[in-house]
Protein chains: 2
Amino acid sequence: MRKRATAREVAEVAGVSKWTVIRAFTPGASITDASRQKVLQAAEALNYSPNLLARSLATNTTHQVAVFVDDFANPHKLPVLEMLTERLQAEGLLTVLININRNFDHVHALINADQRQFDAVILFGTAFREETLGDRRLGPGLPPMFVLARDSQIPGVPAIACDTELALSEIVEYLFNKGYRRPGFMMGARTLSTALGRRHHYANFWRQKGVENVVELTAERYSAQAGAEAARIYLSSAAPRSRVDVLMCENDILALGALDVARSDFALAVPQELAVVGFDNIELGGVPAYGLTSYEQPTDKMIDAIVGMITGERASETIVFPGRFIRRLSA
Amino acid sequence: MRKRATAREVAEVAGVSKWTVIRAFTPGASITDASRQKVLQAAEALNYSPNLLARSLATNTTHQVAVFVDDFANPHKLPVLEMLTERLQAEGLLTVLININRNFDHVHALINADQRQFDAVILFGTAFREETLGDRRLGPGLPPMFVLARDSQIPGVPAIACDTELALSEIVEYLFNKGYRRPGFMMGARTLSTALGRRHHYANFWRQKGVENVVELTAERYSAQAGAEAARIYLSSAAPRSRVDVLMCENDILALGALDVARSDFALAVPQELAVVGFDNIELGGVPAYGLTSYEQPTDKMIDAIVGMITGERASETIVFPGRFIRRLSA
DNA sequence: TTGTAAGCGTTATCAC
DNA sequence: GTGATAACGCTTACAA
């Protein structure tokens, strides 16, 4: 494994100074075509390409963006990551995927992101509290931060998300018109902003319809199994007459688990005896076995926006986009 | 956004040389406790922490590992990425997630990985041909490469994977004993090694059982929709008497699509009229609505191995681990 | 247009 | 144990 060629070596071969080599690789630098050709030829011969590490050190910009994720159970993360990496790469930015967990918390990750001089940090759905930023190990001068797909709890950190209020107004409007009157809501364990926001608006809109009572279920984690378990516990104890007639779940993965339990373990007809609604519109919700009614986040717009903010083509500010209600058989 | 403090600044405050500052941050360096204390105090006051970018330039090691992914449709990628990032982070390595697609191919990505001096490159299930490495833009001196979760087609690039042959022998053995005699196999569009390997062994073991004919279906992509479509085409045209009685799919996501179509569109009882087997054992395959018989890859062992090879604690060589057959209702 | 000098913030190596 | 010199490979002045 030979070492990489450097600009100096190319310069020697091309018979110019190393700065001329740099210029040949700098778009829009003043250099004669003759020199450029000589350099490019020598570079090709030596298989030279600029060392981006050295460039980063000199320019104070790494063209790397950290993406913090703390929940890998939701399949919806995958298409978003796909789109995000693609758009970032189109702007010359690479994605550093950082797993936030017990051994590697937000403070750790932020210190690291700072030490590595990442150009930006995206909090992709992670549960992050304002007081975390108060940690004295952090200090000032962190990379610009953005919250993706949830609302921000941190002043000065813009959030790019789906319009939750609009989404839930559409959903509740639809459910109410369908005749449902005994709503339930299932959240994941993380009692943080996204869950609370959705639950809050859900309850609010029902209240506006004159329905005061919204039954709350809580799943241990964000997984189909946990959703199933929470549904099982509830359905075992609830009297059929007073049982909820429609269960909205914080996301599709919980909804699929709940729907399965209702049908398989309790032999409930969906949506006649129990309607189920999810959120995210994951691919599997759309297959015939489920036909899950859900809500699609405007992922492409959100990603366009966040990438624009990172590149500076767009002002950094909290913004929400309207999503799309996906009506299927389950409600 | 103030700039980060540097070792030199800390040195001034602490009244020592900047090299002493470095030593205070270098485990096992020779330095007196007194100096170390002075330095750490000054560092804390200035909120100093070493600049990893500069360190990388000097040490020729970035502690970053690139992971190439070209198929984000399979939910199975997510738990693997979770485990991979976690174990890498435990070794002080960050994961750069690179989306291989039409606009950013393997050659692009490898050049970039080289320019950024990544410590290693993991080809996570990507379709990568030997001739790609022959591209003259690449040249020698690339970071060490590893293939994860499929077999390698490149000499010198170790593959860390599930023992496909063993897996398919177990699967076919089971299916044969269950009495199935008309096997089918559904692959994704990518006619490359993993698919071919599984198909190859599947056909082989059936042949050893005296069953010569394995019907082949091909899905356009790796998605439930594509799996559904491929199954629909086949089931529409196949005569019930000669139709396959068991359909093995290259992965769970195709299998779920196929299973849905069989049940919903063709009203086939699963497994009585058509048995379905997948591969990967994704969470949703296990829910009651599916009960998909599948095969679990030994992800933890594979990841331990690949991380060990990257850190150098383990010899870099192709290796396979036995997985686990997951028997459920669908076959 | 081209070459020179200084600097980015570390680490490696050698004196003291 | 500590300080100094050189080097990592590039960029950004500035001078020629």
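How many nonpolar, polar and charged residues does the surface near DNA strand D have? In this predicted model, that surface has twelve nonpolar, eight polar and five charged residues.

In total, 25 residues lie around DNA strand D. The nearest of these come from both chains: A:Arg55 from chain A, and B:Trp19, B:Thr20, B:Arg23 and B:Ser35 from chain B. Of the atoms of DNA strand D that come within 4 Å of the protein, 55% belong to sugar and phosphate.

## The surface near DNA strand C

DNA strand C is surrounded by 23 residues, and the closest are A:Trp19, A:Thr20, A:Arg23, A:Ser35 and B:Arg55. By class, this surface divides into eleven nonpolar, eight polar and four charged residues. Sugar or phosphate supplies 60% of the atoms of DNA strand C within 4 Å of the protein, and bases supply the rest.

A:Trp19 places a polar side-chain atom 2.5 Å from a base nitrogen, and A:Arg23 has a polar side-chain atom 2.5 Å from a base oxygen. From chain B, the side chain of B:Lys18 has an N or O atom 3.4 Å from a base oxygen. H2 and H4 of chain A and H2 and H4 of chain B each give two or more residues to the surface near DNA strand C. Among the contributors, H4(B) gives the most, with four residues.

The side-chain contacts described above are collected here.

| Residue | DNA strand | DNA atom | Distance |
|---|---|---|---|
| A:Trp19 | C | base nitrogen | 2.5 Å |
| A:Arg23 | C | base oxygen | 2.5 Å |
| B:Lys18 | C | base oxygen | 3.4 Å |

## The annotated span of chain A

An unreviewed UniProt entry lists residues 5-59 of chain A as "domain: HTH lacI-type". In the model this span is 67% helix and 0% strand, and its end C-alpha atoms lie 20 Å apart. The axes of helix H1 (residues 7-14) and helix H3 (residues 33-46) of chain A come within 9 Å and cross at roughly 120°. H1(A) is therefore oblique to H3(A), and their crossing is right-handed.

## Backbone features elsewhere

In chain A the bond runs from A:Val270 to A:Pro271, with omega near 10°, and A:Pro271 lies in the loop between helix H11 (252-264) and strand S9 (275-277) of that chain. In chain B a cis bond joins B:Val270 and B:Pro271, with omega about 10°; B:Pro271 is placed in the loop between helix H11 (252-264) and strand S9 (275-277) of chain B.

A:Asp280 has a phi near 120°, a positive value in a residue other than glycine. This residue belongs to the loop between S9 and strand S10 (294-296) of chain A.

Note on methods: Residues numbered from 1 in each chain as written. Chains lettered and ligands numbered in written order. Predicted model: local features only at pLDDT ≥ 70, side-chain atom pairs only at ≥ 80, totals over all residues. Heavy atoms only, no water. Near = heavy atom within 4 Å. Nonpolar A, V, L, I, M, F, W, Y, C, P; charged D, E, K, R; others polar. UniProt positions renumbered as here; feature names shortened; annotations may be inferred. Axes fitted to C-alpha atoms, helices over the stretch in contact; angles between N-to-C directions. Parallel < 35°, antiparallel > 145°, perpendicular 65-115°, else oblique. Left-handed = near helix turned anticlockwise from the far one by under 90°. Polar contact = N/O pair within 3.5 Å; in protein donor to acceptor, adjacent residues only side chain to side chain.
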